[in-house]
Amino acid sequence: MVAAGDLNEAVAFYEPVQAEGPGGVVSTVWMEMHRCRAQFIYSRGSEVVEAARLEGRPIYKIRIRQCILARRISTNWQMRDSRRLDAKDYSIREVDSITDRQWIYMVIEGGKTA
């Protein structure tokens, strides 16, 4: 069972949005769409995780509460750790919103943003 104190991280999720600039140039901007508390779960074990760590890319599993906005998050979004002063961006590699009715689980990877 997860207690409220286990969600001790603050995160924000950003969706890529196409914006048209001067001269008709289209670029991608990241708009914050959801902000919530999360629990970081350190991943260990697999060869992929170990190889990423050797390259300096941390891989975590995180848990956030289910809600309508959280269910919109997909793998083309980014997540930012907004609790720390040196906020890091993470690519979202997997989103599991169907296994548990109360929680959404994600696999995130630092060092390579989408």
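This is a predicted model: local features need pLDDT of at least 70, side-chain atom pairs count only at pLDDT 80 or more; totals for chains, interfaces and linings use all residues.
**Before you start**

Residues count from 1 along each chain as its sequence is written. Local features need pLDDT of at least 70, side-chain atom pairs count only at pLDDT 80 or more, totals for chains, interfaces and linings use all residues, and side-chain values use heavy atoms, with hydrogens and water left out.

**Stop 1: the barrel**

Switch to cartoon. Six strands close into a barrel in the order E1-E2-E3-E6-E5-E4, and the pairing is antiparallel. Direction ignored, neighbouring strands of this sheet are turned by 45° against each other on average. The axes behind that angle are lines fitted to C-alpha atoms, with angles running from 0 to 180 degrees between N-to-C directions. Strands are DSSP runs (E, at least two residues), numbered from the N terminus. Two strands pair if DSSP finds at least two bridges between them.

**Stop 2**

Select residues 78-81 and 89-96. These are strands E4 and E5, paired in the antiparallel sense over three bridges. Pick Arg80: its bridge partner in E5 is Asp89. Now pick Gln78, which stands opposite Ser91 in E5.

Six bridges join E5 to E6, and the two run antiparallel. Together E5 and E6 form a hairpin, with six residues between them.

**Stop 3: the core**

Show side chains for Phe13, Ile64, Ile73, Met79, Ile92 and Met106. They have the most contacts inside the largest nonpolar core, which has 15 residues. Such a core is a set of buried Ala, Val, Leu, Ile, Met, Phe, Trp, Tyr and Cys residues joined through side-chain atoms within 4.5 Å. E1 (9-20), E2 (26-42), E3 (59-65), E5 and E6 each supply at least two residues of this core. E6 gives the most, with three. In soluble globular proteins, nonpolar side chains tend to be buried together.

Centre on Met106. Leaving aside neighbours within four places in sequence, its contacts (heavy atoms within 4.5 Å) include Phe13, Tyr60, Ile64, Ile73 and Ile92.

**Stop 4: Gly110**

Stay on E6 and select Gly110, which lies in this strand. Is it buried or exposed? Gly110 counts as buried because its relative accessibility is 2%; buried means under 20% relative accessible area, exposed over 50%, partly exposed in between (1.4 Å probe, protein chains only). Not counting residues up to four places away in sequence, Gly110 touches Arg57, Pro58, Asp89 and Tyr90. Finish with a distance: the C-alpha atoms of Gly110 and Ile59 are separated by 6.5 Å, though the two are 51 residues apart along the chain.

Conventions:
Helices (H or I, at least four residues) and strands (E, at least two) are DSSP runs, numbered from the N terminus.
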